[in-house]
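Keep the sequence and the structure in view as you read.

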2 protein chains.
Amino acid sequence: MAGHIPDGGSCLVVYASNVGVDSKGNVGTVESSGRTNGIPCCGSSIAAAAAVAAIAKKGGTKTSTAPATTTVPLLDAHQHSVVDMLLPYADRLETANDKMVELPYCVYDAQKKMMASVVTAGRRAIVGTANIAVLGGIQINTPEDQSDYYLPLSFEVFNKKGRKLEDLTVLL
Amino acid sequence: MAGHIPDGGSCLVVYASNVGVDSKGNVGTVESSGRTNGIPCCGSSIAAAAAVAAIAKKGGTKTSTAPATTTVPLLDAHQHSVVDMLLPYADRLETANDKMVELPYCVYDAQKKMMASVVTAGRRAIVGTANIAVLGGIQINTPEDQSDYYLPLSFEVFNKKGRKLEDLTVLL
């Protein structure tokens, strides 16, 4: 992150969780370009939510789903991390009116915490006086004949020491 | 991967390791847009190569650098994985004429193995008769007043059962 900030410039970080809405208005699925049938969207989040629900059903005491080994392949490690980050939201997902609507908000909340640690690590490598603006939200994918959407949920500006200079979330 | 293949269509997967060449011709560093001084490029690979060299110096018996815990944060897990994937190339890196030139080739070789497992996992989810073309190489970043380059190193076509239909690498 820090290595790509221009001399005298600052940094804008944009992140988002992801959800699909199909042509019939169903949330959590979307027809990809050139496809008649929808796919789960976001597939990773939906698979993680199913894993979290299964853990909660069994007593919900786990704090991590990663196998007790140091040689987890990177591909599996990604999905384990998504499950681990979603575990604290098990109750919120189970009691939601519409789990597929609640899911991208839960993933966004988990991402927001993760992005704070990314920005903390990144700002320590900043040369000069760059600030960091962080915009977070939900990316909403729709069928190919419609525009996709980005729903902004937070917009904050930090200095390189981590002090919040401005919270522009109220403008969203 | 499979979920985004259009009905009746096929799939092109492009991957690359990454290296920078700066304005003076130095390999392993590049001046990013708007910056006078270069940054390590690829920073992750170079950090991993340093970790691999340190392990080799100590005897080189490790097969993984990941901590013996199931709760490695995802950010650290990424870099641990890069180091782990690069460990088999310790000797090749140490004996290279120019380590910074050899590094992106080693990372590419490691990626090629990883991509084989990605494609194997992905093709099992293919609906219909889609083929998968896989193009691998090295992404070469240069200063902003020059074009970047992509050095193709392999180009293979597989069917959904994993059989290699064509090896177009000879054309590169």
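Q: Which residues in H4(B) do B:Ser45, B:Ile46, B:Ala49 and B:Ala53 in H1(B) meet?
A: This is a predicted model, in which local features need pLDDT of at least 70, side-chain atom pairs count only at pLDDT 80 or more, and totals for chains, interfaces and linings use all residues. Residues are numbered from 1 along each chain as written, chains are lettered from A and ligands numbered from 1 in the order written, and side-chain values use heavy atoms, without hydrogens and water. Contact means heavy atoms within 4.5 Å. The partners in H4(B) are B:Lys99, B:Met100, B:Leu103 and B:Val107.

Q: How many nonpolar, polar and charged residues does the contact of H1(B) with H4(B) have?
A: Ala, Val, Leu, Ile, Met, Phe, Trp, Tyr, Cys and Pro count as nonpolar, Asp, Glu, Lys and Arg as charged, and the others, Gly among them, as polar. The residues of this contact divide into six nonpolar, one polar and one charged.

Q: At what angle do the axes of H1(B) and H4(B) cross?
A: Two packed helices are described by the angle between their axes and the distance between the axes. Axes are lines fitted to C-alpha atoms, for helices over the stretch in contact, and angles run from 0 to 180 degrees between N-to-C directions. The axes of H1(B) and H4(B), residues 99-123 of chain B, come within 11 Å, and they cross at roughly 100 degrees.

Q: What does that angle make H1(B) relative to H4(B)?
A: Angles under 35 degrees count as roughly parallel, over 145 as roughly antiparallel, 65 to 115 as roughly perpendicular and the rest as oblique. The crossing angle is roughly 100 degrees. That makes H1(B) roughly perpendicular to H4(B).

Q: What distance does H1(B) reach from its first C-alpha to its last?
A: Helices (H or I, at least four residues) and strands (E, at least two) are DSSP runs, numbered from the N terminus. The expected span of a helix is 1.5 Å times one less than its number of residues. H1(B), residues 43-57, has 15 residues, and 21 Å is expected. Its reach is close to that, at 21 Å.

Q: Which residue just after H1(B) takes a positive phi?
A: Look just past the end of the helix. The phi there is about 125 degrees, and the residue is B:Gly59.

Q: In what order do the elements of chain A run?
A: Chain A has four helices and six strands. Its C-alpha atoms fill a box of roughly 50 × 45 × 30 Å along the principal axes. From the N terminus on, the order is β-β-β-α-α-α-α-β-β-β.

Q: What percentage of the 172 residues in chain A do buried residues make up?
A: Count every residue of the chain, using the cut-off given above. The buried share is 38%.

Q: Is A:Ala48 buried or exposed?
A: A:Ala48 lies in helix H1 of chain A. It touches A:Gln79, A:Val82, A:Val83 and A:Leu86, leaving out residues up to four places away in sequence. Its relative accessible area is 0%, so A:Ala48 is buried.

Q: How far apart are the C-alpha atoms of A:Ala48 and A:Leu103?
A: These two residues are 55 residues apart along the chain. Their C-alpha atoms are separated by 9.9 Å.

Q: What is the relative accessible area of A:Ser17?
A: A:Ser17 is in strand E1, residues 11-20 of chain A. Among the residues it touches are A:Pro104, A:Tyr108 and A:Ile138. A:Ser17 is buried, and its relative accessible area is 2%.

Q: How far apart in space are B:Gly137 and B:Val127, C-alpha to C-alpha?
A: B:Gly137 is in strand E4, residues 132-141 of chain B. It counts as buried, at 0% relative accessibility. B:Gly137 and B:Val127 are 10 residues apart in sequence, and their distance in space is 28 Å.

Notes:
Buried means under 20% relative accessible area, exposed over 50%, partly exposed in between (1.4 Å probe, protein chains only).
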